[in-house]
Amino acid sequence: MAGEGFRIASAYVDVRAEDNTRAGVASARRAVESLRDKTVKVKVEADTKGFEKNIGSFFTGATKGLLAVGTLANASSAVAGLGSALVGLSGTLLALPAAALAGGAAMGTLKLATAGFGDALKEMEDPAKFAEAIGKLAPAARETAIAMRDLQPAFRDMQRSVQDDFFYGFADVTRQLGATYLPLLKTELSGVALQMGQVVSLAGKALLEPSAIKNVNSLLQGTTDLFDGLKTVGADVLTAFLDLGGVGSQYLGRLGVMSREVGQPGERWAA
């Protein structure tokens, strides 16, 4: 609290007091005693700046604390959401080995279904060999091969037209390139070949050195020891992969649904 100076009968009295100090209290008491029996008007102002500062600091700290709690709560929610997402995703991840095995099975099925079909197409120019090749196919595959053979004349006509347009004017440029670069290449490439031969010759001589022979022998022995230690790894990895595939196979349906849902927006956009 702060006192303010005032005037009485042309006399100026200055009173100042400080909170929580004996000297300040005594000073105020003496000032009051000197003004006994006189009418005094005292203007008092409260020093609220420090109070406002402290209150502001308090509420600022409290606000920061509440914000921190809110942030922590949001972070906790985010972590919980991430955990839920990972739990949901774990099944999909587990399905990956099963998906790989399913893909392998699909490719094996495709290869089995088309076995011999490519050989039949290769023999379309020879009627006897073509007839022999399609005789080994199933009826539906045989009819497809015959249909593709019947399309050959139209395909050849289309191919020749495209080919003729593509190579138009190439002949003259090819002759000019040959006349210009073949003599140059003959001279320069002979020098390159000579130097390359020297590199190979020197490398061969280096391999005949006793130290090189010893190192190669050690390397091969080490390789033998390596594969001796790894001989069960292939079986162990295959067994583990098949175990994961067996467990994850139950999620293949969900993986298919997810793939379909991913493709639907693109299908709707294209439509």
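These are my notes on what I looked up in this structure.

**Entry 1: the whole chain**

I began with the model itself, which is predicted. I counted the elements next and got ten helices and two strands. I then read their order from the N terminus: β-β-α-α-α-α-α-α-α-α-α-α. How much of the chain counts as buried? Of its 271 residues, 9% do. I also looked up the surface. The chain exposes about 22,000 Å². Carbon and sulfur atoms supply 64% of that area. Residues 24 or more positions apart account for 55% of them.

**Entry 2: the nonpolar core**

I wanted the largest nonpolar core. It has nine residues. I wrote them down as Phe117, Ala120, Met124, Phe130, Ala133, Ile134, Leu137, Ala141 and Ala145. Which helices each supply at least two residues of this core? They are α3 (117-122), α4 (127-134) and α5 (139-150). The largest share is three residues, and it comes from α4.

**Entry 3: methionine 124**

Methionine 124 sits in the loop between α3 and α4. Is it buried or exposed? Its relative accessibility is 17%, and the cut-off for buried is under 20%, so methionine 124 counts as buried. I then listed what methionine 124 touches, leaving out residues up to four places away in sequence. The list reads Phe130, Met148, Arg149 and Gln152. The C-alpha atoms of methionine 124 and isoleucine 146 are separated by 8.8 Å. Along the chain, these two residues are 22 apart.

**Entry 4: salt bridges**

How many salt bridges does a search of the whole structure find? It finds four. I took notes on some of them.

I started with arginine 156 and glutamate 125. Their closest N and O atoms are 2.7 Å apart. Arginine 156 lies in helix α6 (residues 152-166), while glutamate 125 is in the loop between α3 and α4. The two are 31 residues apart in sequence, so the pair ties together separate parts of the chain. I compared each residue with the cut-offs. Arginine 156 has a relative accessible area of 28% and is partly exposed. Glutamate 125 is at 58%, and the cut-off for exposed is over 50%, so glutamate 125 counts as exposed.

I moved on to aspartate 150 and arginine 149. Their side chains meet in a salt bridge at 3.4 Å, N to O. Arginine 149 is partly exposed, at 33% relative accessibility. Arg149 had already come up in my notes, as a residue that methionine 124 touches.

Then I looked at aspartate 172 and arginine 175. This salt bridge has an N to O distance of 3.2 Å. Both residues lie in helix α7, three residues apart, or about one turn of the helix. Arginine 175 is exposed, with a relative accessible area of 57%.

**Entry 5: aromatic rings**

I counted three aromatic pairs. One of them joins phenylalanine 167 and phenylalanine 170. Are its planes stacked or edge-to-face? The angle between them is 80°, and over 60 degrees counts as edge-to-face, so this pair is edge-to-face. The ring centres are 5.6 Å apart. Ring pairs also link Phe166, Phe167 and Phe170 into a cluster. Phenylalanine 167 is partly exposed at 46%. Phenylalanine 170 is partly exposed as well, at 42%.

**Entry 6: a nonpolar patch on the surface**

I finished on the surface. A nonpolar patch there is formed by Val173, Leu177, Tyr181, Leu182, Leu184, Leu185, Leu189, Val192 and Met196. Together these residues have about 860 Å² of accessible area. Where is it? Tyrosine 181 is in helix α7 (residues 170-207). Its relative accessible area is 46%, which makes tyrosine 181 partly exposed.

Methods. Residues are numbered from 1 along each chain as its sequence is written. This is a predicted model: local features need pLDDT of at least 70, side-chain atom pairs count only at pLDDT 80 or more; totals for chains, interfaces and linings use all residues. Side-chain values use heavy atoms; hydrogens and water are left out. Patches are made of residues with over 30% relative accessible area and no salt bridge: like charges are joined within 9 Å, nonpolar side chains (Val, Leu, Ile, Met, Phe, Trp, Tyr) within 5 Å. Accessible areas come from the Shrake-Rupley method with a 1.4 Å probe; for residues, only the protein chains shown count as cover. Helices (H or I, at least four residues) and strands (E, at least two) are DSSP runs, numbered from the N terminus. Buried means under 20% relative accessible area, exposed over 50%, partly exposed in between (1.4 Å probe, protein chains only). Contact means heavy atoms within 4.5 Å. A nonpolar core is a set of buried Ala, Val, Leu, Ile, Met, Phe, Trp, Tyr and Cys residues joined through side-chain atoms within 4.5 Å. Rings of Phe, Tyr and Trp (its six-membered ring) pair if their centres lie within 6.5 Å; planes under 30 degrees apart count as stacked, over 60 as edge-to-face and the rest as tilted.
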